[in-house]
Amino acid sequence: MLHFTRWKQIAIVLSVLVGIAFVVPSFFAKETVANWPWFVPHQQISLGLDLRGGAHLLLSMETADVRKDWLDTLRDDARRRLRDAKIGISSVGISNGAIQVRLAKIEDSDAALKELRGLAQQTGDLIRGFAGTDLDVRKAEGGVIVITPTEAGLQHRITDAISAAIETVRRRVDFTGTTEAQIVRQGSDRILVQVPGLQDTAPLKELIGKTARLTFHEVHPTMSAEEARKTRPPTGYRIYPGSDREEAEQLLRETPVVRGDELKTAAPAFDQQTHEPIITFTFNGSGARKFGDFTKTHVGMPFAIVLDDKVISAPVIRDAILGGSGQISGSFTVETANQLAIQLRSGALPAKLTVIEERVVGASLGQDSIEAGKLAAVVGGIAVAAFMIFAYGLLGVFAVIGAAIHVLFVLAIMAVIGSTMTLPGIAGIVLTIGMAVDANVLINERIREELRHGRTPISAIETGFSRAYGTIIDSQLTTFIAGLVMFWLGSGPIRGFAVTLTLGIMTTVYTAFTISRLLVVWWLNYQKGRKVEAPLAYKPPPSWKTGGVRT
Amino acid sequence: MSFLFKGVDFFPHDTRWKIIERRYIFIGISWALAVLAAVLLMTRGLNYGVDFKGGSLIEVQSKGAIDIGDLRSRLDRLGIGDVQVQAIAQAVGSGSGALIRVAQQVPTKDLSEEKVQAAANDKVKGALGADLEVRRIEIVGPTVSSELKRTGVIAVVASMFGILLYVWFRFEWQFAVAAILALSHDVFITVGMFSLLWYEFDLSVVAAILTLAGYSINDTVVVFDRIRENLRRYKRMPLIELLNLSINETLSRTVLTSVTTALAVLALYIFGTAVIHGFSFAMLFGIIIGTYSSIFVAAPFLLLFGVKREWGGTAAAAPAKSDAAGKPRRENVPTK
């Protein structure tokens with residue numbers, strides 16, 4: 001235990017130097033570090049929102065929306081597929097989360113079943129493996145075929161939807177001019193948005209709180225919404241409510257002519273006649289073609305612009321619109337027009353997002369927390385150092401150097417793996433300072449005990465280190481287990497704490513058994529040839545005679 | 001000046017306190033504390049923070065003094081249900097602060113949970129007045145709060161289970177069960193303390209309890225380690241005597257290691273902001289109760305279960321390599 005090869009010594013010293021190299025950038029401004037030569041480390045520890053101030057929003061996606069959307073698409077697909085196969089349908093409806101296709105002729109059931117089974121797709125991918133099909137298609141009584149989405153299929157769609165939603169949210173947040181926002185997925189159906197420096201979250205929430213799904217629909221040529229309400233909407237048509245303002249409800253064809261995802265641009269503007277805020281837009285190639293074809297055949301008839309399933313305006317088509325551009329007026333204010341333009345440009349969200357958790361920290365509180373954390377770390381460090389030196393003298397000094405290097409390593413590793421420093425993280429570091437010297441207390445008390453039992457100083461040190469080793473591993477591993485559980489289950493503050501705690505435990509064991517031990521070995525080598533005194537004060541048991549021991 | 005070099009060996013050694021013999025006293029104390037904690041938790045429950053209860057928390061600060069009573073009566077008039085106002089300590093020279101807690105609002109027909117809560121917060125912000133600056137807002141919806149509660153419980157149970165397995169693997173089942181019982185004792189009494197003092201119980205306190213679980217077992221493992229070492233050495237020593245000897249031998253280590261960690265945590269408790277007050281209190285109390293249980297509670301449990309006396313040199317020989325191979329350290333068995 002008291003022998004280090006030269007190479008080992010060099011490696012240990014090198015590890016400390018590397019640690020220093022990786023910690024140094026964190027103490028300089030980002031701009032300064034950017035100008036440093038390429039061969040020095042540039043990674044900095046980033047500060048968490050609780051320390052720098054900012055907003056943290058946890059969004060939850062309405063998975064029911066995703067399911068409903070999928071069912072709507074499936075219904076259209078089923079209808080088209082059977083029509084193409086020339087199989088007569090009497091009705092297609094959605095009930096209990098499944099699609100019920102009632103065939104005109106029962107004899108067609110087998111052919112229809114075969115056609116509809118063709119709708120099903122494999123779920124999963126090449127990496128995760130295939131988990132079966134996404135649809136369960138079976139025959140029911142009386143010429144009815146039921147198409148039920150499977151759980152795996154739904155999960156797959158939710159995963160896709162959340163990825164798309166993250167992209168959309170990112171674009172919307174970017175439009176606000178915030179550059180450092182972090183948008184990540186959390187769990188299966190959640191998105192975490194972190195915006196440093198943001199204090200007032202209301203505008204951001206407005207921006208990401210709407211799905212902004214824009215669709216252009218054909219209005220039923222003859223039947224009005226009131227008539228449809230009295231009887232029953234014809235197949236393929238549905239009554240859409242008007243928006244909050246004066247727009248009336250309309251009977252519209254459910255399958256839209258063009259969707260908002262075929263928009264190329266959208267911008268707020270003012271109407272030249274009425275001077276009202278409007279939104280001008282242009283379609284992309286295929287959108288322009290579809291819209292052009294539709295307007296060509298429907299001149300003189302109204303069409304409806306629908307936003308999130310509500311009619312925002314229903315102008316009459318005066319001429320064919322072939323240029324692919326147009327405008328939406330819908331009693332906007334300047335603000336809402338601006339907002340909608342951003343939402344349209346960034347694309348629709350696949351489903352509604354709700355804010356289920358929000359934490360906003362002011363910059364001044366963050367600064368106070370940093371100061372408080374620093375103060376606690378310094379005072380705690382000094383108190384622990386004073387205690388160690390008082391109790392163990394020179395070996396205490398070695399332990400304190402070890403603990404200081406331990407903090408250095410924790411910071412260096414955090415910088416390298418790019419983890420974030422939070423207030424609980426600082427607490428974790430302060431705690432591990434106490435625990436780092438713990439290991440040394442174990443060693444030193446063991447040395448003292450061995451001395452009391454009559455070992456020579458060198459043999460006592462040797463036994464002290466080797467005996468304490470197992471104890472330290474056992475005792476630190478138990479805390480490590482708790483730390484891992486925290487990291488695995490915890491979110492936000494708990495995770496920040498778990499990171500520094502688990503890192504701290506690893507570096508604690510390393511420093512106690514390399515740094516502190518190496519210092520002892522150097523000290524012993526320095527003492528060589530002299531009378532080695534016991535390195536620790538100890539009270540010998542009454543029966544034992546004291547005396548110097550020569551080596 | 002020699003202490004600068006050698007330090008001061010101030011802790012009494014070679015104590016032979018009859019801890020195991022007096023175990024009924026300590027078991028009595030522990031039971032009393034545990035029953036008290038149970039009664040408190042059943043009758044009074046815990047002062048759940050916004051993380052677990054849902055609703056919102058608003059931290060405000062003022063350059064001057066905040067009239068808590070006045071603020072409370074102003075907020076009570078808003079008609080947004082239960083509003084709690086609590087003064088909090090601030091860093092020196094930065095005025096005074098307060099925490100405002102708004103209960104979870106009931107969603108109405110047109111307003112979702114999210115919107116209703118935001119509206120209530122806006123009312124509070126409107127009623128604050130010009131001299132109060134909002135420094136922190138936390139809003140936790142009902143789904144998240146119930147999830148956090150559940151994961152909190154799972155985390156504590158899972159880490160205890162992990163520790164149980166580890167101690168079982170490294171020692172014997174008796175050690176593992178005794179360690180877990182001592183650990184549950186610490187966790188339970190600490191939670192009871194939060195009920196007694198009515199301190200806010202939030203996520204950071206759960207983090208502290210998890211750490212405490214890991215830390216308290218740390219001390220216990222040091223004692224158990226020595227018990228195992230002594231079991232190998234003194235094959236015929238009566239168990240009571242052997243447990244007593246082991247506890248006494250490790251007393252200085254158990255206490256001093258706790259002192260160093262307690263010093264660090266004390267600094268956090270004194271200088272930390274309101275955000276980590278609950279955390280550092282739980283840690284501080286946990287270190288004390290954990291040290292107590294490691295000395296006075298864990299080993300008596302071991303006596304209750306009995307231990308295997310045939311420890312060979314092979315089982316878990318790593319920590320005492322030199323011991324297993326070499327001769328016994330002491331020929332004279334310290335019996336008294």
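Two strands are taken to pair if DSSP finds at least two bridges between them. Helices (H or I, at least four residues) and strands (E, at least two) are themselves DSSP runs, numbered from the N terminus. By these criteria, strand E20 of chain A and strand E5 (residues 132-140) of chain B are joined by 5 bridges and run antiparallel. Within this pairing, A:Val360 has B:Ile137 of E5(B) as its bridge partner.

The structure is a predicted model, in which local features need pLDDT of at least 70 and side-chain atom pairs count only at pLDDT 80 or more, whereas totals for chains, interfaces and linings use all residues. Residues are numbered from 1 along each chain as its sequence is written, and chains are lettered from A and ligands numbered from 1 in the order in which they are written.

Contact between the two chains, defined by C-beta atoms, placed from the backbone, that lie within 7 Å, involves 75 residues of chain A and 73 residues of chain B. On the chain A side, at least two residues each are supplied by strand E20 (353-361) and by helices H11 (363-417), H12 (423-452), H13 (457-489) and H14 (492-527). The greatest contribution to this side comes from H11(A), with 21 residues. The side of chain A that touches chain B comprises 45 nonpolar, 18 polar and 12 charged residues. In this classification, Ala, Val, Leu, Ile, Met, Phe, Trp, Tyr, Cys and Pro count as nonpolar, Asp, Glu, Lys and Arg as charged, and the others, Gly among them, as polar.

Domain bounds were taken from an automatic or database domain assignment. Chain A is divided into domain 1 (6-51 + 362-527), domain 2 (63-156) and domain 3 (158-358). A distance of 55 Å separates the C-alpha centres of domain 1 and domain 3 of chain A. For chain B, the assignment gives domain 1 (16-45 + 145-325) and domain 2 (55-140), with C-alpha centres 40 Å apart.

A residue is classed as buried if 20 or more other C-beta atoms, placed from the backbone, lie within 10 Å of its own, as exposed if 12 or fewer do, and as partly exposed in between. A nonpolar core is a set of buried Ala, Val, Leu, Ile, Met, Phe, Trp, Tyr and Cys residues joined through C-beta atoms within 7 Å. The largest such core has 222 residues, and those with the most contacts inside it are A:Val430, A:Met486, B:Ala179, B:Ile209, B:Leu210 and B:Ala213. H11(A) gives the most to this core, with 24 residues. Not counting residues up to four places away in sequence, B:Ile209 touches B:Val156, B:Val187, B:Thr190 and B:Ala282. A second, separate core of 13 residues includes A:Ala78, A:Leu82, A:Val92 and A:Ala112.

E15(A) and E16(A) (residues 277-283) pair over 7 bridges in the antiparallel sense, and A:Thr265 has A:Thr282 of E16(A) as its bridge partner.

A:Leu340 is found in helix H10 of chain A. A:Leu340 counts as buried because 22 other C-beta atoms lie within 10 Å. Its contacts include A:Ala212, A:Ile279 and A:Phe332, not counting residues up to four places away in sequence. A:Leu340 and A:Trp36 are 304 residues apart in sequence and 44 Å apart in space, C-alpha to C-alpha.

Strands E9 (residues 182-186) and E10 (residues 190-196) of chain A are joined by 5 bridges and run antiparallel. A:Gln186 has A:Arg190 of E10(A) as its bridge partner. The hairpin of E9(A) and E10(A) has 3 residues between the strands, and A:Gly187 takes a positive phi near 65° there.

A:Lys86 has a phi of about 60° and is found in the loop between helix H4 (63-84) and strand E3 (89-95) of chain A. A:Lys86 counts as exposed because it has 8 C-beta neighbours inside 10 Å. B:Trp198, with a positive phi of about 55°, is found in the loop between helix H7 (173-197) and strand E6 (200-201) of chain B. B:Trp198 is exposed, with 12 other C-beta atoms within 10 Å.
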